[in-house]
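Visitor: Could you walk me through this structure?
Guide: Gladly; here it is.
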Number of protein chains: 2
Amino acid sequence: MTESDERAAPTLEEVARVAGVSRSTVSRVINDMPGVSKRAKEAVTEAIAALRYVPNQAARSLVTRRTNSIALVVSEQGDRVFGDPFFAGVLRGVSAGMSAGHRQLVLMMGRTDVDDSVANYLCGGHVDGAVVVSLHGHDPLPKRLADAGLPVVVVGRPLGDTAVPYVDSDNMSGSLQAARHLVEIGRRRIATIAGPEDMAVGIDRLTGWRRGMTEAGLKPDLVVHSDFSGKGGAAAMAELLDRDPDIDGVFAAADIIAVGALRTLADKGRRVPEDVAVVGHDDSILATSTTPALTTVRQSVEELGRSATWRLLAQLEGETHLPPSVLLPTELVVRASTLIRP
Amino acid sequence: MTESDERAAPTLEEVARVAGVSRSTVSRVINDMPGVSKRAKEAVTEAIAALRYVPNQAARSLVTRRTNSIALVVSEQGDRVFGDPFFAGVLRGVSAGMSAGHRQLVLMMGRTDVDDSVANYLCGGHVDGAVVVSLHGHDPLPKRLADAGLPVVVVGRPLGDTAVPYVDSDNMSGSLQAARHLVEIGRRRIATIAGPEDMAVGIDRLTGWRRGMTEAGLKPDLVVHSDFSGKGGAAAMAELLDRDPDIDGVFAAADIIAVGALRTLADKGRRVPEDVAVVGHDDSILATSTTPALTTVRQSVEELGRSATWRLLAQLEGETHLPPSVLLPTELVVRASTLIRP
DNA sequence: CTGAAAGCGCTTACAG
DNA sequence: CTGAAAGCGCTTACAG
């Protein structure tokens, strides 16, 4: 009859009583602090096991001001997030980056530029820090979090002049290489299907392509923007062909966009790469599943997530002299969509 | 100089002082409780805005014993989770199911049958409840959580006799239909590539197929197990053909397994459906991307996640008379892989 | 090496 | 309608 009728969770107090020590001592054992006799430690360990004691996190973090969890914030509607290989990759990277400590991951979704319930939650002391992905326009979220004293790392360069650290792929260099490659294989009417205008990823890839065009003495005038979808890519390609039927090269700001472009090119009777050479971006699973396989700019999405998480955790550990931001290398991978067989 | 040098978060105490009321009153306003004069309410609202006050969640949940967050536990290694359309679907469903309240989702991964850090966390009062997916074998997690008083809903029937509520697709009926369909189109040497033996989903789909075979007077002896991967499916199909080269029908316990089986059948020169008819399970994105398109048992993975979440939240709201478990319907979708064109 | 006591920031009866 | 006070379950100086 020693069992209480209620299945109330045992507290540190009860552990102390069972072990015959003070609360302080129990706390020291739990937190693995020095200065506890072997005898006391054993008694406490035994009591914990007997009572199946688990520390109450709320009480703990009320005093330590630590929650041992970090948030991954994806500024998109939930349904757009899942199934997109980009987010899957980032999530995998974040997940891998956390493995060391026994921190937990809180996943939050929703357009943070138009709804501030996410910001409120984050400022409520619920998490120790946040990795933020897919910011749109001049989203005030990073600044707001920084002002609230919450450590943040952004995946993908944020727009505006907020000084929050970020991790990004070197989109500019990759796109420059893509443009140069199209020039090198002899293309002269080269277009680009750029990404969203309100995201740095769209802007930077466009800038790199422009630079490649300019240095080759070509006019960077064939530009159409698209969202990251096959449908968008298909429509953009159609518009480009309307504007100039003689296009012989296209750089798409994402493989998924390139997939749509390929569809339109096939519909309009253009051979790839003979008539039009196509370069994508990401080297995602899509790049090798198209016919022909896509020449593309490789970036490691998973590494993006892993680096951001590493940066965040390092900051939480109190490390100083951390790089304000990190740029991961990109690399051109040449495949059949730009390769004319002899 | 009214600003403090430290950017310490304002507390309820300070809000009370600024608003000229007691802490109780501020608390009432924050929690939208009745019995506050309009005047007091306004003063508090103003003070909250001025101080940019956000309630401290730890303090709040220490007393209310509520965290306003629920966990989605996936008992798999992180890298296996992302990119698998099944988990993406469940996650989408859970996410959709939570939209109502402003609860947060904590995503946890790791084999809970061999590592109890997840269980410890969940018992630490960090979340109000949990949706658990992809349980293997006789994982003690559900029982442990139930014992700790944490509301749990499992996606996919758990093995063993734990009385936790679960949501599952009607795997048995779907598989029975698959077997009957193969019989109806005249197949006689029908094999199955079953799922993992240590998961109910594997067992139930095998049981359904067996029943279909038996009722047709066929011997249910051509069985090989596989994990949920294309590679596994390919190997299993090869083994089946070794055991009986005259196989003319196959039911694969998942589309991804069927994809592997199709590859092996092509390699061995078997035409689908002429020589071997193939039925998959799930009606995932894969089913319509193969050649030929797959006849398959449709289940709504997203609905699985949504229902489980609904059940959990209803329980948290104190609703009674909730169904102990829910079985969602499955349906056979006939496509080219079992359809012989005249 | 150990314990008594204060305090983290809230909510909740209770009394007015 | 309002406020003073107790208490949630921990950690952390502080004193011994």
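What follows is a short talk about a DNA strand and a sheet.
Guide: This is a predicted model, in which local features need pLDDT of at least 70, side-chain atom pairs count only at pLDDT 80 or more, and totals for chains, interfaces and linings use all residues. Residues are numbered from 1 along each chain as its sequence is written, chains are lettered from A and ligands numbered from 1 in the order in which they are written, and side-chain values use heavy atoms, with hydrogens and water left out.
Visitor: How many residues surround DNA strand D?
Guide: There are 28 of them, and the closest include Ser27(A) and Arg65(B), where near means that a heavy atom of the residue lies within 4 Å. Of the DNA strand D atoms that come within 4 Å of the protein, 60% belong to sugar and phosphate.
Visitor: Which helix gives the most to that surface?
Guide: Helix 4 of chain A does, with 5 residues; helices here are DSSP runs of H or I with at least four residues, and strands are runs of E with at least two, numbered from the N terminus.
Visitor: And what lies 2.7 Å from a phosphate oxygen in chain B?
Guide: A polar side-chain atom of Ser37(B).
Visitor: Switching topic, in what order do the 6 strands of the open sheet in chain B run?
Guide: The order is 7-6-8-9-10-12, with mixed pairing, and two strands pair if DSSP finds at least two bridges between them. The edges are strand 7 (223–225) and strand 12 (331–333) of chain B.
Visitor: Strands 9 and 10 of chain B, parallel or antiparallel?
Guide: Parallel, over 4 bridges, and His281(B) stands opposite Val297(B) in strand 10 of chain B.

Terms used. Polar contact = N/O pair within 3.5 Å; in protein donor to acceptor, adjacent residues only side chain to side chain.
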